[in-house]
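Trainee: I would like a close look at one part of this model. Please take it step by step.

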Amino acid sequence: MICCIWFLAIVATSESARILAFFPMDTPSHHFIFRPVIEGLAKNGHDIVYVSAFPYKQIPKNITQIDLSKYDVMAEFGDYDYLKASEMNLVDYTHEMYFFGEIMAKHYVGSKEIQDLIHSDQKFDAVMFESYFYQEYLSAFIHKFDAIAIEVLTLGDCAWVNEMSGLPDNPAYQVDFKSGLTSNMNIWQKLYNVYVTSLTVLSSYFYLYYNQKRIMDQYFNYTGWESRPSIDVLARNRSLILTNFDYVFADPYPMAPHRKDIGGINIKTPKPLPEDLEKFMNESKHGVIYMSLGSHVNPANFRIQMSAFLEAFRDLPQRVMLKYDSEDNSQIPPNVKVSKWFPQQDILAHKNCVLFVTHGGLLSLSEAIYYGVPLIGVPVIADQVKNMAMMESQGIGRMLKLNNITRDTASWAISEVLSNNRYRKEILRRSTILKDRRHSPVEEAVYWVNHALKYPFALSPKSVNLSTVQLHLIDVKIFITLGLFLVLFIFYFVFTIIRKMTRKTIRKHKEKVQ
């Protein structure tokens with residue numbers, strides 16, 4: 001019996017892996033995706049080293065934490081103007097995000113804790129990171145630790161991600177998250193989509209070779225770094241790409257075989273509400289509207305828009321729960337309950353929640369779909385506009401743009417979604433699809449990570465090993481173009497000779513006649 005136990009222990013140990021989960025950002029919404037994955041792997045027996053500026057208060061078993069929370073990245077940006085950011089053009093947005101990635105490298109990768117790790121003799125079987133979020137320099141970890149790479153992404157519909165996975169976008173029907181479009185495009189929208197896709201890919205390559213390479217060389221100067229492959233080779237070197245995406249959130253499109261979707265991984269089993277909130281919702285005869293603009297945006301910074309919503313709420317028979325942090329609550333109507341924090345999923349899961357007014361983050365969108373609550377979207381930045389445009393095209397809610405929110409438009413949107421049953425009917429249909437799975441997103445993630453550990457690059461397509469020139473057939477296109485020019489030149493040359501001979505013949509004929 002003892003021998004059997006000992007043998008099983010040896011087998012379990014041999015199958016466990018040591019994994020570096022490098023997710024330094026302090027953004028809670030990103031870690032709501034990362035943590036279920038690493039916790040699932042830890043429960044599966046793997047040894048996880050978790051690097052984060054959003055640390056655990058109680059560290060789960062099999063997870064070792066490197067806490068970077070003392071480094072304040074956002075201090076360099078000051079008070080971030082989200083309204084200004086919402087109106088930023090694509091070029092400025094891309095530049096600012098790569099600058100953000102550079103600041104993260106300075107504070108996090110350049111920290112003593114991570115420099116000690118980079119120059120240590122520690123061993124890892126796999127490295128998990130979100131490098132395609134303007135941090136491709138993290139790909140150096142692959143070479144440093146001679147480990148397989150697992151990308152974990154907070155969104156899926158990104159032209160650069162698809163480029164790096166070896167299956168570039170087709171702008172005819174695929175839309176990058178920055179476009180704010182859906183796949184139902186007219187000719188002018190398709191032209192804009194081509195512009196967004198092309199600029200996204202070209203600018204990302206530019207920053208990859210000049211910005212990201214410089215950062216990689218600056219911070220990853222460990223012993224033996226001279227033998228490191230080029231950054232474009234390392235950036236494509238992924239055994240697995242996990243994305244927070246599901247085809248019920250947006251239109252399905254082709255994906256590379258080593259990319260696996262884990263959309264909805266943030267959804268948890270609902271817990272009982274605190275007594276005061278339970279009473280508030282149960283006693284609302286006409287239902288409850290829940291409004292939250294996410295964990296980053298303080299609604300108090302949008303005073304005009306919030307005043308419009310508060311006035312619209314005042315005339316409603318429904319009660320409202322509003323995530324709102326403001327020193328002045330004098331405008332709050334009697335049917336509105338405000339708090340700095342609400343248990344969002346538990347509220348959405350309540351039978352009396354009839355409408356969700358949201359900023360359109362993918363986590364909030366997935367939770368609304370899962371619990372079957374129709375939406376009104378008030379997108380601010382990043383993928384939120386695209387998420388809400390897709391939501392509207394799917395018929396599960398309506399979108400209001402920040403610069404078009406008045407008491408009348410807010411009242412119209414609320415009335416439209418609440419009075420028209422087609423929104424609830426469609427979101428309940430999508431909720432059924434989202435719940436109809438063979439495995440939970442966590443189980444799916446753990447399975448594919450284990451698969452990648454056992455069979456590295458088994459799913460990676462041939463295209464990830466091609467250079468940019470080969471992937472896009474640039475060499476072939478140049479050859480065809482030069483060939484066409486050569487053919488045209490030959491035709492021109494022959495035509496010119498024939499024309500000269502013809503003129504000469506005509507001239508001789510005229511001379512004979514004369």
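Which element gives the most to the lining of the second largest pocket?

Mentor: Helix H17 does, with three residues. This is a predicted model, in which local features need pLDDT of at least 70 and side-chain atom pairs count only at pLDDT 80 or more, while totals for chains, interfaces and linings use all residues. Residues are numbered from 1 along each chain as its sequence is written, and side-chain values use heavy atoms, without hydrogens and water.

The second largest pocket holds about 360 Å³ of space. A pocket here is an open set of points on a 1 Å grid over the protein atoms alone, where a 1.4 Å probe fits, with protein on both sides within 12 Å along at least five of seven lines; lining residues have an atom within 4 Å of a point. The volume is the space filled by probe spheres set on the points. Of its 17 lining residues, Asp-246, Asp-261, Arg-437, His-439 and Glu-444 are the closest to the centre. Strand S7 (259-261) and helix H17 (441-454) are the elements that give two or more residues to this lining; helices (H or I, at least four residues) and strands (E, at least two) are DSSP runs, numbered from the N terminus.

H17 also packs on helix H2 (residues 28-43), at an angle of about 60° and with the axes 9 Å apart. Axes are lines fitted to C-alpha atoms over the stretch in contact, and angles run from 0 to 180 degrees between N-to-C directions. Pro-36, Val-37, Gly-40 and Leu-41 of H2 meet Val-442, Ala-445, Val-446 and Val-449 of H17, where contact means heavy atoms within 4.5 Å.
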